[in-house]
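Biologist: I have a new protein to look at. Can you walk me through the structure?

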Amino acid sequence: MSDIVNALGETFSDNSFSDHCSTLFKAYKQNAEKYSISFNSNNTENYNNPFSVDELTNAISKSHDTAVGPDSIHYQMLKNLPDSAMDTLLRAVNYIWTTADFPPEWHLAIVIPVAKPGKDSTVPTSYRPIALTSCLCKVMERMINTRLFWYLEQLKLITPVQSGFRKQRSTTDQLVHLETFVREAFVNKQHAVAIFFDLEKAYDTIWKYGIMKDLVDAGLRGRLPIFIGNFLKDRQFQVRTGTHLSV
């Protein structure tokens with residue numbers, strides 16, 4: 001069983017290697033990363049303020065019960081904390097926020113391999129990785145994400161045609177736009193052309209430096225982008241099957 005979880009771990013890890021990128025992009029990436037990114041700030045921006053108890057309780061209330069991460073803290077534990085414990089948790093969250101002292105345990109994910117339907121179960125690529133991370137970290141992520149989207153929406157930095165990951169928007173909006181586009185083409189006896197992109201392993205191959213560059217170009221400084229940077233670096237995972245963990 002140890003050989004199996006290690007083989008799965010190597011396969012999942014290989015998905016994120018930059019060697020899979022094109023030669024042209026690798027050259028561009030190498031040149032771009034010569035320049036350091038600075039998020040220096042006195043943290044007086046609204047989005048860098050310490051979190052309030054309302055933000056914390058709201059983030060916890062919106063959490064759906066999922067499997068626990070490596071720290072074994074469940075959402076139900078957080079949802080049933082007494083007020084005194086909630087105050088203690090808020091102080092801990094704000095300590096992490098203001099000191100940028102990112103807990104090393106939050107860099108770790110336990111990956112559960114789930115077989116893809118109709119695929120050969122003896123081949124490692126036939127499994128989809130489901131990552132279990134700290135529920136407490138995800139609560140803080142949700143709080144930060146709320147502030148980030150508020151900032152992006154206020155400054156209109158998100159293109160108006162984007163519907164995904166936005167409040168009061170959904171894929172239905174894009175389907176309505178597409179249907180309208182096609183119907184108008186029929187009425188006007190024109191051709192309607194649509195292009196769909198399916199990005200293979202999109203999340204596994206995201207360019208971290210590129211994300212940070214986008215944040216600094218958007219004008220973000222201080223605690224918020226620094227937290228995101230700490231969240232993205234030094235990520236680790238272990239594959240778990242039953243009681244066996246990969247090395």
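Modeller: We'll start with the overall layout, then go to one helix and a few residues. Keep in mind that this is a predicted model.

Biologist: How many helices and strands does the protein have?

Modeller: There are 9 helices and 4 strands. In sequence order they run α-α-α-α-α-β-β-α-α-α-α-β-β.

Biologist: What box do the C-alpha atoms fill?

Modeller: Roughly 70 × 50 × 45 Å, taken along the principal axes.

Biologist: And how many of the residues are buried, as a percentage?

Modeller: Of the 247 residues, 30% are buried. The protein exposes about 16500 Å², and carbon and sulfur atoms supply 56% of that.

Biologist: What about charges?

Modeller: There are 26 positive and 26 negative side chains. The centres of the two sets lie 4 Å apart.

Biologist: Which contacts tie the chain together?

Modeller: Take contacts between residues at least 6 apart in sequence. Of those, 71% join residues at least 24 apart.

Biologist: Let's pick a helix. What should α6 span, going by its residues?

Modeller: Helix α6 covers residues 135-154, which is 20 residues. At 1.5 Å a residue, α6 should span 28 Å. Its end C-alpha atoms are 29 Å apart, so the two values agree.

Biologist: Which residues of α6 are buried?

Modeller: They are C135, L136, C137, V139, M140, M143, I144, R147, L148, Y151 and L152.

Biologist: Why do residues three or four places apart point the same way in a helix?

Modeller: An α-helix has 3.6 residues a turn, so residues at that spacing point the same way. In α6, the buried set includes M140, M143, I144, R147 and L148.

Biologist: What covers the buried residues of α6?

Modeller: The cover includes α3 (53-61), α4 (75-79), α5 (83-99), α8 (208-217) and α9 (223-232).

Biologist: What happens at the two ends of α6?

Modeller: At the start, a side-chain oxygen of S134 reaches to within 3.3 Å of the backbone nitrogen of L136. After α6 comes K156, with a positive phi near 55°.

Biologist: Is K156 buried or exposed?

Modeller: K156 is exposed, at 71% relative accessibility. It sits in the loop between α6 and α7.

Biologist: Why comment on a positive phi?

Modeller: Most residues other than glycine have a negative phi. D234 also has a positive phi, near 55°.

Biologist: Where is D234?

Modeller: D234 lies in the loop between α9 and β3 (236-241). It is exposed, because its relative accessible area is 53% and the cut-off is over 50%.

Biologist: What else touches that stretch?

Modeller: H107 does. Leaving out residues up to four places away in sequence, H107 touches F102, N230, F231, K233, D234, R235 and Q236. H107 is in the loop between α5 and β1 (108-115). At 9% relative accessibility, H107 counts as buried.

Biologist: Which side chain makes a polar contact with R166?

Modeller: That is E153, at 2.9 Å. Beyond its neighbours within four places in sequence, R166 is in contact with E153, I158, T159 and P160.

Biologist: One more. Where is Q76 found?

Modeller: Q76 is in helix α4. It is partly exposed, with a relative accessible area of 35%. Q76 and L132 are 56 residues apart along the chain, and their C-alpha atoms are separated by 16 Å.

Notes: Residues are numbered from 1 along each chain as its sequence is written. This is a predicted model: local features need pLDDT of at least 70, side-chain atom pairs count only at pLDDT 80 or more; totals for chains, interfaces and linings use all residues. Side-chain values use heavy atoms; hydrogens and water are left out. The expected span of a helix is 1.5 Å times one less than its number of residues. Buried means under 20% relative accessible area, exposed over 50%, partly exposed in between (1.4 Å probe, protein chains only). Contact means heavy atoms within 4.5 Å. A polar contact is a pair of N or O atoms within 3.5 Å; within protein, one must be able to donate a hydrogen and the other to accept it, and residues adjacent in sequence count only if both atoms are side-chain atoms. Accessible areas come from the Shrake-Rupley method with a 1.4 Å probe; for residues, only the protein chains shown count as cover. Lys and Arg count as positive and Asp and Glu as negative; His and the chain ends are not counted. The place of a charge is taken as NZ of Lys, CZ of Arg, CG of Asp or CD of Glu.
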